[in-house]
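Reader: Before I use any label attached to this model, I would like to see the value behind the label and the cut-off that the value is set against. Could you take me through a few of them?

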Amino acid sequence: MKKYCFGIDVGGTTVKCGLFTVDGEVLDKWEIETRTEDNGVNILPDVAATIKAKINEKQLNAEEIAGVGIGVPGPVNDQGEVPVAVNLHWGFTPIEKELSEMTGLTVKAGNDANVAALGELWKGGGAGHHNMIMVTLGTGVGGGIIINDKVIAGSHGAGGEIGHAHVIDGMQEACNCGNHGCLEQVASATGIARLAREALAATDAPSVMREKGNISAKTVFDAVKENDAIAIQVAEKFGSYLGKALATFSTVADPEIIVIGGGVSKAGRFFWIISSTRLRNMPLHRARRRQSLHWRHLETTQVSSVRRSWCCSCST
């Protein structure tokens with residue numbers, strides 16, 4: 001009988017790992033370094049090694065392990081292959097095939113934001129719903145769209161890339177994806193910091209942010225709490241872009257709930273008020289009175305969600 005499974009969330013700095021029961025109970029969680037040097041050649045062997053070490057530590061039998069779910073920051077096709085993952089320095093990588101060969105276990109791979117969305121639908125802010133948009137606001141902006149309990153991954157595994165929706169014209173600076181004017185450039189932690197630097201450079205007005213040597217998204221929202229006029233201006237601009245993007249995706253997907261997570265969501269209530277106000281003022285959104293917006297700071301949900309991605313993949 002299958003009792004256990006592993007969840008792996010590969011990030012650009014660390015790989016978050018978890019051991020779970022097949023019902024989603026967390027039995028153990030830990031992290032290892034993401035070694036991206038040499039085109040990330042060590043990443044999957046390191047993952048395989050830590051899985052094997054945990055199996056030995058917990059004295060598990062292979063017959064009791066259902067498999068491994070792994071989320072990565074890049075598009076993943078139906079064959080469990082990644083054409084490219086820039087943050088990991090990967091080119092084409094057949095994740096499922098290689099990691100399965102290394103561990104001897106069944107492996108299912110998915111885009112990290114998509115499996116985070118599945119995790120939220122199963123055990124988090126989206127529980128009890130069937131149609132959901134998930135947005136993660138961190139160093140970048142990730143997203144996942146679920147319709148009738150199924151992730152919309154698209155023909156190339158790149159569906160739901162909310163962070164690379166075009167929201168602003170005339171931006172000179174390029175996004176990491178190569179385009180200009182992506183949501184990620186104005187709604188991520190780095191994007192908010194850039195908006196703040198631009199706002200400060202455009203005026204001589206006083207601001208507590210000028211006293212900070214290194215401006216971050218936290219700097220901006222801390223200044224908002226002090227009623228700093230420039231910080232409020234930056235926060236409102238950020239909220240406007242995010243709200244418009246969410247309204248656009250809502251028009252297409254018509255979700256029951258929108259779940260917002262990631263480090264930027266720790267900004268708190270002011271952040272929620274700004275973005276939700278922009279979203280709810282959109283004409284089409286006003287027709288959806290029962291649609292709800294849910295802020296959720298995610299720290300460990302992605303680890304459990306990759307277990308869910310394995311389960312969902314096997315059930316299709």
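**Labels and their cut-offs**

Author: The axes of α7 and helix α8 (residues 229–253) come within 8 Å and cross at roughly 120°. This is a predicted model, in which local features need pLDDT of at least 70 and side-chain atom pairs count only at pLDDT 80 or more, while totals for chains, interfaces and linings use all residues. Residues are numbered from 1 along each chain as its sequence is written, and side-chain values use heavy atoms, with hydrogens and water left out.

Reader: Why is α7 called oblique to α8?

Author: The axes cross at roughly 120°, and angles under 35 degrees count as roughly parallel, over 145 as roughly antiparallel, 65 to 115 as roughly perpendicular and the rest as oblique, so α7 is oblique to α8. The angle itself runs from 0 to 180 degrees between N-to-C directions, with axes fitted to C-alpha atoms over the stretch in contact.

Reader: Which residues of helix α7 are buried?

Author: In α7 (residues 217–225), the buried residues are Ala-217, Thr-219, Val-220, Phe-221, Ala-223 and Val-224. Just after α7, Asn-227 has a positive phi of about 60°.

Reader: What makes Ile-8 buried, and what makes Asn-39 exposed?

Author: Buried means under 20% relative accessible area, exposed over 50% and partly exposed in between, with a 1.4 Å probe and protein chains only. Ile-8, found in strand β1, has 0% relative accessibility and therefore counts as buried. Asn-39, which lies in helix α1 (residues 37–40), is at 59% and therefore counts as exposed; its phi, near 60°, is positive in a residue other than glycine. Asn-148, in the loop between β9 and β10 (150–151), also has a positive phi, of about 50°, and its relative accessible area of 56% makes Asn-148 exposed.

Reader: How much space lies in the largest pocket, and how many of its lining residues are nonpolar, polar and charged?

Author: About 1,500 Å³ of space lies in the largest pocket. Of the 45 residues that line this pocket, the closest to its centre are Pro-73, Asn-87, Asp-112, Gly-140 and Val-141; a lining residue has an atom within 4 Å of a point of the pocket. By class, the lining has 14 nonpolar, 23 polar and eight charged residues, where Ala, Val, Leu, Ile, Met, Phe, Trp, Tyr, Cys and Pro count as nonpolar, Asp, Glu, Lys and Arg as charged, and the others, Gly among them, as polar.

Conventions
Helices (H or I, at least four residues) and strands (E, at least two) are DSSP runs, numbered from the N terminus. On a 1 Å grid over the protein atoms alone, a cavity is a set of points where a 1.4 Å probe fits but cannot get out, and a pocket is an open set with protein on both sides within 12 Å along at least five of seven lines; lining residues have an atom within 4 Å of a point. Grid points are joined across faces, edges and corners, and a volume is the space filled by probe spheres set on the points.
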